[in-house]
Amino acid sequence: MAEIIDGNAIADEIKAEIVAETEKLKAKGLAPGIATLLVGDDFGSKMYRGQVEKNCESVGFNYIEKTLPAETTEEEVIQIVKELNEDPAVSGILPLRPYPEHISDSAVIRNIREDKDIDCFHPANMGRLLLGEPTLAPATPSACIELLDRVGVEFEGAEIVVVGHSNIVGKPVAMLALNRNATISVTHIFTSQAGNLEKHTTGADILIVAAGKAGLITPDQVKDGAVVIDVGINRVKVLDDEGNPVLNDKGKPKTKTVGDVDFDAVKDKAKAITPVPGGVGAVTNMMLLKNALTAAKMQAGMD
Ligand code: NAD
């Protein structure tokens, strides 16, 4: 049976480190702060905004909310970004996407000051990541690396297989691991469609899965003794022993959050595995705060 990597406990450790460092900075008159930038009222973005606000409060950061109506023009949004760039209370800017269609994500992102880009959306920061130069690496990929570090996994020479090649998770986590001298394979939907997914995943010492597909990774796709990091977040129906949906008090199907890995089956084969929830997500929240702290120090010429 695998070690269950406790993301909540690791997140608490990181939080305590952030709180301690924030207190020291505040004693020097420096308070880190995160500004979220939402345009419109996307439900998922509003949920995330609430979480960022709560996380900021929990470590003593400033939180600045910018929520603009859906009809705001791209020019007006960029003007707000420029104001946040100049605001000393804001050390990090987090654009909450998706934006309405008339606003180009890329135009907004390219106007964020590179040293306030705390989730590494700016192409210049992604370039630094690729080159292995210091940068504010994106929160979720950093959380994967942090989890592996904190359970003592060695990167050098390890065979790491990433499932998923998105710009926000798959590609950057592969680059972060490559910068640590692991051997990297990046697989994706076309790998699966070509029937080659298992060929790659069964060779992985460390398997990082970020596909957004519940039950994608089953035990036959995992090498004995592998370390499995499950990034996926999926809402699925709760089923009874006969495979029928379990209903809640209102007669609606009950749902639960699961990852991309068949956790119950894979945990008997892996050496260590992250659960969902309670794995990568909890640490991701802390990595974003850690980036804002680093950004505040950089802006004050302390790093
Ligand atoms: P995305 O939709 O942008 O990318 C999905 C990737 O998975 C693509 O590269 C696609 O080719 C690949 N993929 C899809 N189906 C596949 C299959 N059958 N076989 C192999 N590859 C397949 O998603 P994303 O934004 O990278 O997020 C991935 C998952 O991670 C989602 O479930 C998302 O909710 C979750 N996520 C979690 C966190 C966190 O903090 N825990 C943060 C971001 C995203």
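1. Glu-146 pairs with Arg-150 in a salt bridge, and their closest N and O atoms are 2.7 Å apart. Note that this is a predicted model. Both residues belong to helix H6, which spans residues 139-150. They sit four residues apart, about one turn of the helix.

2. Are the two partners buried or exposed? Glu-146 has a relative accessible area of 12%. Glu-146 is buried because that value falls under the 20% cut-off. Arg-150 has a relative accessible area of 28%, so Arg-150 counts as partly exposed.

3. The pair has further partners. Glu-146 and Arg-150 belong to a network of salt bridges. Glu-13, Glu-17 and Lys-290 are linked in that network too. The salt-bridge count for the model comes to eleven. As background, side chains of opposite charge can pair when their charged atoms come close.

4. Next, Arg-128 and Glu-114. Their side chains meet in a salt bridge, at 2.8 Å from N to O. Which parts does this pair tie together? Arg-128 lies in helix H5 (residues 123-131). Glu-114 lies in the loop between helix H4 (105-110) and H5. The pair therefore ties together parts that are 14 residues apart in sequence. Arg-128 is partly exposed, at 27% relative accessibility. Glu-114 is partly exposed as well, with a relative accessible area of 32%.

5. Then Arg-97 and Asp-105. These two form a salt bridge, with the closest N and O atoms 3.3 Å apart. Arg-97 has a relative accessible area of 29% and is partly exposed. Asp-105, at 28%, is also partly exposed.

6. Now the ligand. The shell around the ligand holds 21 residues. Which of them come nearest? They are His-165, Ser-166, Ile-189, Ser-192 and Ile-233. By class, the shell has ten nonpolar, ten polar and one charged residues.

7. Where does the shell come from? Helix H8 (189-193) and helix H11 (280-299) each supply at least two of its residues. H11 gives the largest share, three residues.

8. A polar backbone atom of Ile-189 is 3.0 Å from a ligand oxygen atom. Thr-140 places a polar side-chain atom 3.5 Å from an oxygen atom of the ligand. Val-231 contributes a backbone N or O atom, 3.5 Å from a nitrogen atom of the ligand. How much of the ligand does the protein bury? Taken alone, the ligand exposes 850 Å². The protein buries 75% of that.

9. Last, the sheet. Six strands form an open sheet, and the pairing is parallel. The strand order is E1-E11-E8-E7-E5-E6. Strand E1 (3-4) and strand E6 (183-187) are the edge strands, each pairing on one side only.

10. Strand E7 (residues 206-209) and strand E8 (residues 227-230) run parallel. How many bridges join them? The number is four. Within this pair, Ile-206 stands opposite Val-227 in E8.

How values were computed. Residues are numbered from 1 along each chain as its sequence is written. This is a predicted model: local features need pLDDT of at least 70, side-chain atom pairs count only at pLDDT 80 or more; totals for chains, interfaces and linings use all residues. Side-chain values use heavy atoms; hydrogens and water are left out. A residue is near a molecule or strand if one of its heavy atoms lies within 4 Å of it. A polar contact is a pair of N or O atoms within 3.5 Å; within protein, one must be able to donate a hydrogen and the other to accept it, and residues adjacent in sequence count only if both atoms are side-chain atoms. Accessible areas come from the Shrake-Rupley method with a 1.4 Å probe; for residues, only the protein chains shown count as cover. Ala, Val, Leu, Ile, Met, Phe, Trp, Tyr, Cys and Pro count as nonpolar, Asp, Glu, Lys and Arg as charged, and the others, Gly among them, as polar. A salt bridge is a side-chain nitrogen of Lys or Arg within 4 Å of a carboxyl oxygen of Asp or Glu. Buried means under 20% relative accessible area, exposed over 50%, partly exposed in between (1.4 Å probe, protein chains only). Two strands pair if DSSP finds at least two bridges between them.
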